[in-house]
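This report describes the fold, the surface patches and the charge pairs of one protein. Please look at the sequence and the structure before reading on.

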Amino acid sequence: MENNRVKVRIYGQEYTIAGERDEETIRKIADHVNERMRQLGRSYSTSGQVTLAVLTAINIADEYFDALELIDELKESKVQLEKDTKHYLKMWDEAKKSFALYKENAAKAAEEKKESDDKYKELQARCSEFENSFFDLQMENLQLKNELDKYKKSNGI
C-alpha cells in the first residue's frame, strides 16, 4: 500500500506524518493528539514539550488499553450472546415442534369429539326407540291385563 504524507500541526509544531491511512484519518489522529496535549497543557504546568508529549502519550496509551479491555469484554459478551441465541433458537424450535404436536393432538381430539357426538346421537335415537318400544309393551301389557280381567270376570275366576 502507498504511504501518504500529510503535514499536520501539533501543539504549535509542524510535522510531516507518513502512513498507509488516508489523509483524513491521519489528520483526525493528529488532531486528537493535539487536543490531548492542549488539555494536559492547561491542566499541568510542565517544564517542557517533551514532558507534555510523554504525558500525552501515557494518557493516549491509557485510553488505548481501556479500549482493548472494552473490546475483550465486548468479545466475551458477543460469545455469550451467541450461546444465548443458539439456546433460544433451540427452545424456539422445540416450541414450534411442541405446537405442531399440540395442533395435531387437538385435531385428533376434535375428530374424536365429533365421533363421540355422532355416537351419542345414535345412542339417543336408539334409547328413544327403546322408550317407544317399552311404552308400546306397557300399553300391550295393559290391554292384556284388561282382557285377562274380563276373562276372569266372565269365567268367574
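Helices (H or I, at least four residues) and strands (E, at least two) are DSSP runs, numbered from the N terminus. The model is predicted: local features need pLDDT of at least 70, side-chain atom pairs count only at pLDDT 80 or more, and totals for chains, interfaces and linings use all residues. Residues are numbered from 1 along each chain as its sequence is written, and side-chain values use heavy atoms, with hydrogens and water left out.

**Overall form**

The protein has 2 helices and 2 strands, in the order β-β-α-α along the sequence. Its radius of gyration is 50 Å, well over the 15 Å that the globule rule gives for 157 residues, so the protein is more spread out than a compact globule. The radius is taken over C-alpha atoms, and the rule is 2.2 Å times the number of residues to the power 0.38. Along the principal axes, the C-alpha atoms fill a box of roughly 155 × 40 × 20 Å. Of the 157 residues, 8% count as buried; buried means under 20% relative accessible area, exposed over 50%, and partly exposed in between (1.4 Å probe, protein chains only).

**Surface patches**

Patches are made of residues with over 30% relative accessible area and no salt bridge; like charges are joined within 9 Å, and nonpolar side chains (Val, Leu, Ile, Met, Phe, Trp, Tyr) within 5 Å. Accessible areas come from the Shrake-Rupley method with a 1.4 Å probe, and for residues only the protein chains shown count as cover.

Val-50, Val-54 and Ile-58 make up a nonpolar surface patch with about 290 Å² of accessible area together. Val-50 belongs to helix 2 and is exposed, at a relative accessible area of 64%.

A patch of negative charge on the surface gathers Asp-62, Asp-66, Glu-69, Asp-72, Glu-73 and Glu-76. Here Lys and Arg count as positive and Asp and Glu as negative, while His and the chain ends are not counted; the place of a charge is NZ of Lys, CZ of Arg, CG of Asp or CD of Glu. Glu-73 lies in helix 2, which covers residues 49–155, and is partly exposed at 46%.

**Salt bridges**

Side chains of opposite charge can pair when their charged atoms come close. With a salt bridge defined as a side-chain nitrogen of Lys or Arg within 4 Å of a carboxyl oxygen of Asp or Glu, the whole structure holds 9. Among them are the following.

| Pair | N to O distance |
|---|---|
| Arg-9 and Glu-14 | 3.6 Å |
| Glu-23 and Arg-27 | 3.1 Å |
| Glu-63 and Arg-36 | 2.9 Å |

Glu-23 and Arg-27 are 4 residues apart in helix 1 (residues 23–43), about one helical turn. Glu-23 is partly exposed at 44% relative accessibility, and Arg-27 is partly exposed at 34%.

The side chains of Glu-63 and Arg-36 also meet in a salt bridge. Glu-63 sits in helix 2 and Arg-36 in helix 1, so this pair ties together parts that are 27 residues apart in sequence. Glu-63 is partly exposed at 31% relative accessibility, whereas Arg-36 is buried at 16%.

**A loop residue**

Arg-21 is found in the loop between strand 2 (13–19) and helix 1, and at 53% relative accessibility Arg-21 is exposed. The C-alpha atoms of Arg-21 and Asn-4 are 6.9 Å apart in space, with the two residues 17 apart in sequence.
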